[in-house]
Structures are given as structure tokens and as C-alpha cells.
Amino acid sequence: MASNDKSVDDSLYPIAVLIDELKNEDVQLRLNSIKKLSTIALALGEERTRSELIPFLTETIYDEDEVLLALADQLGNFTSLVGGPDYAMYLIPPLESLATVEETVVRDKAVESLRTVAAEHSAQDLEIHVVPTLQRLVSGDWFTSRTSACGLFSVCYPRVSQPVKAELRANFRKLCQDETPMVRRAAASKLGEFAKVVEIEYLKSDLIPNFVQLAQDDQDSVRLLAVEACVSIAQLLPQEDVEHLVLPTLRQCASDSSWRVRYMVAEKFVDLQKAVGPEITRVDLVPAFQYLLKDAEAEVRAAVATKVKDFCANLDKGNQVQIIMTSILPYVRDLVSDPNPHVKSALASVIMGLSPMLGAYNTVEHLLPLFLIQLKDECPEVRLNIISNLDCVNDVIGIQQLSQSLLPAIVELAEDSKWRVRLAIIEYMPALAGQLGQEFFDQKLRGLCMGWLNDHVYAIREAATLNMKKLVEQFGSQWAEQAIIPMILVMSRNKNYLHRMTCLFCLNMLAEVCGTDITTKLLLPTVLLLASDPVANVRFNVAKSLQKMSPYLESSVIDTQVKPTLEKLNSDVDVDVKHFASEAMAGIAAGK
């Protein structure tokens, strides 16, 4: 009898511990116990999880939001722990309670878990257990339950009978007309998702009237979500239906009184264009695009400016050039001198992409003057975006036509007071050098690249050393020997120890691309010379450099020149120098 009592005690132990931990004052302890729920469920077994654990959790849903969030997350993966899909309905009550709490993230997570659990129900169980839950949420007194209900329609609808489908459509319509804006907003955000599972005739008869109504809502936060639904609905309907069911609402959204709605139209414009096809684009979307390009709000103009290239690329190829030249380019021309720097910068990031579409003649005649204006813009981001996308133009007309205007813009960016702007132009320099050619680079840009090695910001000096390596990859080691190595070696005699260290970093990088001969003849002697530097930081960087260079040196050179220097550094008075010297000796020995 005693042993029987003991086994009962043992079986009660996990749930007793859980109850204790969930009642503990420490939130972190409660949170940890929720995260261990699956372990507790395994210990209890499927039957006791259904009969004891789930009811206990359902009754105790009054806690801190982070605990409830963890619980909602855990329950979504609990189906196998309650006995599989046949018993998934046991998870509905706690999740239903969580779907009505005040905190949005908890409700969203509960709905996500409800959707997962609903998908695991059989069609029969779905109608018996999940649909009534959905209907209770729809008719809940608090807006929280009604907003949660919106997320469940698309999961239930495809697998229920026709009468239940009719009820669900009626319920969704009720939510679209709810008096609370938060509920209408939730309905608008799920409208596109629901539209994908509804039969086409009911999409036209039931959902499109809801869509039109939401797009005319008095709250702009509801109207802008209707724009997202517009894309999904347009993708589902045939062309003629799009024209008379969706386009009137889309036109109205494009000229909405709220800039947020117009901004959403601008953001979704290319998706809409793909959904409606080339003919409707030509007749309806091109005028709407023009309207947005001259919008009163800078945020809208900037959003639509980023879509110029993609919108033009998706135009019908037969009359693409003609539409761009007559309908888009005049508006783009105005944006080049827009008063807002964000708009100009957004346009500069994509305008070069028009060049391949328009061809050489139109690029020279119409786009080139715009590029030249942008290269002289007062805003560094505009100039930088143009320079960063030069390859598009280079492929069409070559870069020579731009080179004289490029130079002042590059020089200004290279000396910009913002170090991040300087960094961006450095990173683009190897590509630019390749496009402009070695002769132009040597005459006009080499001095800039050397100047960056002496910048007062470390990130710039570091990027400049990597830039040198990439330039040597571009122009070859012979060019490096004549054009840049002599100038870098001069830095080893600079009075400022930071410049001497930059010289070392550069030599490390160049050793990787210059080959054994140049490394031994030109780079190594300078590194060895710096081993006697008065500054310890320079000396221990010499040790690091010798280790990095060793793979590019002959073994005889390592034995006669590198090892004696490292041995000397290994008996240095500075502890850091000794440390890095011994590390370098070990590294070279292991490398052999």
C-alpha cells in the first residue's frame, strides 16, 4: 500500500513543482517553468496532460505578458504531447483565452498557435471545435477577441461545408463593419489572405464590397491596409474584373487625402503593376505613377522614386522606351532638383538603371545631363549613389563621357567631413578604377588613395589598405612596383608612429598579391627595418607582419632574415612584443 502511495506521489510531483513555480513571485522562475512545459507534459503522459495540465493552464492565465507569450508559443507545439491530432481540440480553450488578452504580441502569438493547431484538426473536428471558437471570438464583447478572430478565417474556410462557409463570410463582413477601428484594421490586414481561399464568385460578391468599404474607411490606418489587400485581390481576378472591381478603388487610394495611404500605394506599386498586367498599367497605372512622382509629401515622392527603375523594367517591351521618354522622364527630371535630399538620394540610387532600357542615344541625350546635375548635388548621398551605380552606364555608353564631371564629385566625396561617406567612396574605388582605366587613375585618383592611408579615422586607414590590395589585383604587380610601393615605403620613415603602422598593414596586404619576388626584394627590407622602431606597438606589429608574409617568402629567406629578427624581438624589453614574436615563431614553424 505504501509503495502504491509512493508511486502516486511520484506521478504528482511534476505538476506539483509546476504549480509551485507558477505561483512564485519571481517572474523569471515562472517564465522558466513555462518554457519547460513540454518536459513536464512528457513526464505526465498524454492522458494526464489532457486531464490535468491543460485545465490547470487554462485556469491560471493571469500573469505577466512575457509569461503568457511563452505559454502561447509552447501550446502551438503541444499537439503530439496531448495525444496527436485526434486530441488537438484540448489545446483550444487555453489558446482561446490567450487570444483575448490585452497585450497585442501575446494575442498574435496565440492566433499563430491556434492556426497551427487548427490545421492539425480533421475537417470534422474543425467544424465541431475550431469554428465555434472562431464564432465566440467574433461575437466577443472586447475588441481584443474580435481582432484575434480575423486571423483564423483563412485556416478554417477551405475545409468546412458550404453552409459553414456562408456563415464565415458573413462573420468576416461583420468584422469589416465593426465599430472599433482596431478590429477593422485587423480585418483589412487579413483580407488579402482570406481572399486567396474564397471561391471566385464569393470573392466578387462578398469580399470586394468589404474591400471597397475598407478602402473608404474614415481611419487612414485602415485604408492603407486595404491597399495591401488590393494586390492580392488583383492577382486573383481576370483582367476585365480588375478593371471595374479594383481599379476605381486603387485610383482613389493613389489620390487619398492621407499621405500614409499614398505612401503605401507607392510602396506596393510594382506588385500592383505585375498583378494587373501591361494594358491596365499603360492606361491607368502610368498616370497614377506620375501623380505620385509629383506628390506634395516628400516621403511619398521618395518611396515612389525608388520604384522608378522596377516600374519601367516591367512595362510592356513593345512600347517601353516610348512610355519612359514621354510619360516618366519629364517627372524624373523634376525630381533631380527636388528640394528634399531624401527624394534626390532615392532617385539617384535607381536612375542609372534606366540607361540599359533607353539605349546609348537616349542615355547621352536625356539621362547624361541628369547624371551630371546629380554629380554636382550638394548632398553627398546623391553623389555617392550615382557613383556607386556607374556600371549600368558604363555598359551602355562607356564612362569617358562622364569622367571629367566624375572627378570633382569623387574628390569632394573623398574629402567629405563625414567619415562614412569617405568610407563608401573608398569601397567603390577599385570598381571605379577598372571602369576609368589605369592612365586616368594614375593621373587623377592615385593621390587620393594614398591620402586615405593617412586619414585620422582608423576605419578609413584600414579600408584604404584593403583598397590598395584590390587595385593591385586590378592593375597587376608590375604597376604596384612602379606606382604605389615606393610611396608606401616612404611612410615607414614618418614621424607619426600610426603612419608607420599603416605602412606595415599595407605591406601585409600587398604581400598577398605581389608575389615572392617583389615581397622579398621590396617589402621585406622595410618590415625588418621597423623591427628596431622605438615604439613597442610598431615592433609587435612587425612580428605579426613577418608571420603573415612568411607564406610568400622562400625558406632560405625565412631562415636568414626573418627568424633572426623574430629571435631579437623575442628578447625585447616589452612583454607584448615578446608575446607576438614567440607566437610568430611558433606559427612559422607550424607552417613549414
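I take buried to mean under 20% relative accessible area, exposed over 50%, and partly exposed in between, with a 1.4 Å probe and protein chains only. By that scale Leu 529 is exposed, because its relative accessible area is 62%.

**Entry 1. Ground rules**

The model is predicted, so I note that local features need pLDDT of at least 70 and side-chain atom pairs count only at pLDDT 80 or more, while totals for chains, interfaces and linings use all residues. Residues are numbered from 1 along each chain as its sequence is written, and side-chain values use heavy atoms, with hydrogens and water left out.

**Entry 2. Leu 529**

I looked up the place of Leu 529 and found helix H32. Helices here are DSSP runs (H or I, at least four residues), and strands are runs of E of at least two, numbered from the N terminus. I also took the C-alpha to C-alpha distance from Leu 529 to Ala 170, which is 86 Å, at 359 residues apart in sequence.

**Entry 3. Largest pocket**

I searched for pockets on a 1 Å grid over the protein atoms alone: a cavity is a set of points where a 1.4 Å probe fits but cannot get out, and a pocket is an open set with protein on both sides within 12 Å along at least five of seven lines. Lining residues have an atom within 4 Å of a point. Grid points are joined across faces, edges and corners, and a volume is the space filled by probe spheres set on the points.

The largest pocket comes out at about 340 Å³. I find 17 residues in its lining, and Asp 108, Thr 147, Ala 186, Ser 189 and Lys 190 lie nearest the centre. Which helix gives the largest share of this lining? H7 does, with six residues. At least two lining residues come from each of H7 (104–120), H9 (143–149) and H12 (181–195).

For classes, I count Ala, Val, Leu, Ile, Met, Phe, Trp, Tyr, Cys and Pro as nonpolar, Asp, Glu, Lys and Arg as charged, and the others, Gly among them, as polar. The lining of the largest pocket then has six nonpolar, five polar and six charged residues.

**Entry 4. Second largest pocket**

The volume of the second largest pocket is about 200 Å³. I list its lining as Tyr 458, Arg 461, Glu 462, Thr 465, Leu 466, Phe 505, Asn 508, Met 509, Glu 512 and Lys 548. Helices H29 (458–475) and H32 (497–529) each supply at least two of the lining residues, and H29 has the largest share, five. By class I get four nonpolar, two polar and four charged.

**Entry 5. Ser 145**

Ser 145 lies in H9, a helix that also supplies lining residues to the largest pocket. I looked for its polar contacts (pairs of N or O atoms within 3.5 Å; within protein, one must be able to donate a hydrogen and the other to accept it, and residues adjacent in sequence count only if both atoms are side-chain atoms). The side chain of Ser 145 reaches the backbone oxygen of Leu 137 at 3.1 Å. A polar atom of that side chain also lies 3.1 Å from the backbone oxygen of Trp 142.

Is Ser 145 buried or exposed? It counts as buried, because its relative accessibility is 5%. For contact (heavy atoms within 4.5 Å), not counting residues up to four places away in sequence, I find Ala 99, Thr 100, Leu 137 and Gly 140 touching Ser 145.

**Entry 6. Asp 206**

Asp 206 is in helix H13 (residues 200–215). I record it as buried, because its relative accessible area is 15%. Its side chain has a polar contact of 2.9 Å with the side chain of Arg 169. Leaving aside neighbours within four places in sequence, Asp 206 is in contact with Arg 169 and Arg 173.

I placed Phe 269 in helix H17 (residues 269–276). Phe 269 is buried, because its relative accessible area is 1%. Beyond four places in sequence, Phe 269 is in contact with Leu 285, Ala 288, Phe 289, Leu 292 and Phe 311.

Ala 414 is found in helix H26 (residues 400–414), and I count it as buried because its relative accessibility is 5%. Its contacts, leaving aside neighbours within four places in sequence, are Arg 422, Ile 425, Leu 448 and Trp 452. From Ala 414 to Trp 452 I get 8.2 Å, C-alpha to C-alpha, at 38 residues apart in sequence.
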